[in-house]
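Hello,

Here is the structure we talked about, handed over with its sequence. My notes follow below it.

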There are 2 protein chains.
Amino acid sequence: MNDEKKKPIGVFDSGIGGLTVVRELIRRLPGEDIVYFGDTARLPYGTKSPETVMRFSRQNLSFLKDKNVKLIVVACNTASSVALPALEEEEDIPVIGVLLPGARAAAAATKNKRVGVIGTTATIRSNAYEQALKEIEPAIETWSLPCPLFVPLAEEGWLDNEIAYLTAKSYLEPLAGFGADTLVLGCTHYPLLKGVIGRVVGDGTVLVDSAQETAIEVEGMLDQRSLRSDGGTAGTIQVYVSDVPYLIKEVGERFLGRPIEKIERVEFK
Amino acid sequence: MNDEKKKPIGVFDSGIGGLTVVRELIRRLPGEDIVYFGDTARLPYGTKSPETVMRFSRQNLSFLKDKNVKLIVVACNTASSVALPALEEEEDIPVIGVLLPGARAAAAATKNKRVGVIGTTATIRSNAYEQALKEIEPAIETWSLPCPLFVPLAEEGWLDNEIAYLTAKSYLEPLAGFGADTLVLGCTHYPLLKGVIGRVVGDGTVLVDSAQETAIEVEGMLDQRSLRSDGGTAGTIQVYVSDVPYLIKEVGERFLGRPIEKIERVEFK
């Protein structure tokens with residue numbers, strides 16, 4: 001096993017929602033070490049300007065590179081939408097976002113070529129999902145909307161009550177008029193609200209969650225570059241954050257689906 | 001008119017909600033120049049740890065001191081609750097928060113000595129309002145609750161719809177059992193939701209908004225220290241922020257109640 005293969009995979013997100021991507025990575029690639037960085041001191045990214053999201057993303061990437069990672073996953077839809085093209089060009093190691101895998105899965109799922117996309121204000125305003133979908137399949141028509149209340153609802157744990165339902169209804173009722181058969185959940189927090197979103201859009205609409213698709217893409221890229229760890233033992237997970245707010249461990253473990261031994265705080269200069 | 005009097009008043013907040021405090025300052029002290037800093041790149045503070053709120057507050061304060069201000073207003077309830085006592089000790093210029101003026105107004109308003117306090121998670125967990133109320137009047141009993149959905153509701157402009165009403169009801173129904181006759185709106189955004197909050201708690205409950213009380217306290221402190229500007233012309237307002245997100249000018253003008261000529265972005269090293 002050469003040294004390159006032994007290196008960890010780096011993952012960053014604006015917070016700890018990106019641990020859902022780590023969960024899928026572990027399922028698919030159990031032998032890989034993972035270094036995660038959650039920018040909890042400066043979250044959310046989804047309400048901020050492209051320039052600021054770009055600046056934060058560069059700092060996060062530089063932190064992960066110092067950890068000697070072999071590949072970086074941008075597990076944040078906003079950073080993937082706003083910053084990824086520039087980051088890919090600047091970097092000499094592979095950088096994968098959650099956006100393209102999600103767009104590919106949606107393009108494969110839609111039968112009537114009508115796709116809805118929901119995400120943060122920054123993600124939707126970037127038009128990145130729409131552009132990616134059009135590039136994959138020019139015949140696809142899109143309808144998109146920012147749903148700013150979904151993140152705080154998910155964090156409050158109001159996943160399936162009357163308020164969550166009315167909020168989803170308020171945002172998503174126009175989707176029926178558009179006639180989409182596929183809806184991209186373009187934010188790591190939104191899958192927690194799958195229940196109420198599904199009730200509003202109905203059984204006929206496929207809900208696309210990017211985490212799983214991203215793990216498949218990471219696996220493919222590691223194999224293609226002969227970077228896959230061939231050690232037989234289970235990989236380790238190191239979790240770094242820029243702030244340790246109340247209940248972070250509990251919420252993080254809910255996203256990751258397993259215990260987190262240690263959460264380390266780091267501070268950028 | 002001496003040089004000290006001519007200096008501006010510095011005001012900072014995690015975002016632009018603190019412009020409601022600036023609005024009250026202008027009403028009461030129309031001749032004062034004001035330098036405002038909104039930390040829009042790192043907002044919100046209310047979900048973050050005391051250590052991080054302290055670190056951000058020190059940086060904001062240092063930025064305002066570089067602008068040669070004569071007094072600093074911490075127009076953020078979270079920073080006032082978590083960081084103010086330490087900041088006051090460290091600084092050689094007067095620092096005033098929104099917390100004490102709000103607590104004094106609540107203590108003066110309550111007849112049955114039962115006061116409710118709502119705010120961000122960080123504000124409520126700090127117990128700062130409770131301690132301040134007890135110090136003013138030991139007989140006061142408090143009931144307090146974080147209401148994390150109120151800030152995103154106010155920013156979404158959902159101020160008086162069914163979702164806002166149900167959210168307020170879900171948070172505030174227990175207040176009736178406690179029997180408070182006074183409720184402190186311990187976050188700059190909450191006064192925007194006064195309508196639905198009032199419908200839930202009923203006419204018998206006084207809602208305390210700190211912005212006005214803080215302006216009175218600033219006036220008193222300026223007079224006490226002979227720092228009040230005695231120029232006859234209207235003061236200027238300079239607005240600095242750490243990020244310029246979508247619609248910031250429109251939202252800022254709604255909070256300030258008048259046009260903002262220019263919003264300047266600054267970046268901390």
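Across the interface of chain A and chain B, 13 residue pairs are in polar contact, with both partners at pLDDT 80 or more. A polar contact here is a pair of N or O atoms within 3.5 Å; within protein, one must be able to donate a hydrogen and the other to accept it, and residues adjacent in sequence count only if both atoms are side-chain atoms.

On chain A, the elements giving two or more residues to the side that touches chain B are α3 (50-66), α7 (121-126), α9 (150-156) and α10 (162-178). Helices (H or I, at least four residues) are DSSP runs, numbered from the N terminus. α10(A) gives the largest share of that side, six residues. By type, the chain A side divides into 15 nonpolar, eight polar and ten charged residues. Ala, Val, Leu, Ile, Met, Phe, Trp, Tyr, Cys and Pro count as nonpolar, Asp, Glu, Lys and Arg as charged, and the others, Gly among them, as polar.

Some ground rules. This is a predicted model: local features need pLDDT of at least 70, side-chain atom pairs count only at pLDDT 80 or more, and totals for chains, interfaces and linings use all residues. Residues are numbered from 1 along each chain as its sequence is written, chains are lettered from A in the order in which they are written, and side-chain values use heavy atoms, with hydrogens and water left out.

Back to the interface. Chain A and chain B each bring 33 residues to the contact (heavy atoms within 4.5 Å). The buried area is about 2600 Å², 62% of it from carbon and sulfur atoms; this is the accessible area (1.4 Å probe) that two parts lose on being put together, summed over both. Two salt bridges cross the interface (a side-chain nitrogen of Lys or Arg within 4 Å of a carboxyl oxygen of Asp or Glu). B:Arg55 forms a salt bridge with A:Glu267, with 3.5 Å between the closest N and O atoms.

Next, B:Glu219. It sits in helix α12 (residues 210-224) of chain B. B:Glu219 is buried, at 16% relative accessible area (buried means under 20%, 1.4 Å probe, protein chains only). Its side chain makes polar contacts with the side chains of B:Arg28 at 2.9 Å and B:Arg228 at 3.0 Å.

Last, the cysteines. The count of disulfides over all chains is zero (a disulfide is a pair of cysteine sulfur atoms within 2.5 Å). A:Cys76 is in none; the nearest cysteine sulfur, that of A:Cys187, is 7.6 Å away. A:Cys76 is buried at 4%, and A:Cys187 is buried at 7%.

Best wishes

Methods. Buried < 20%, exposed > 50% of the residue type's maximum accessible area, 1.4 Å probe, protein only.
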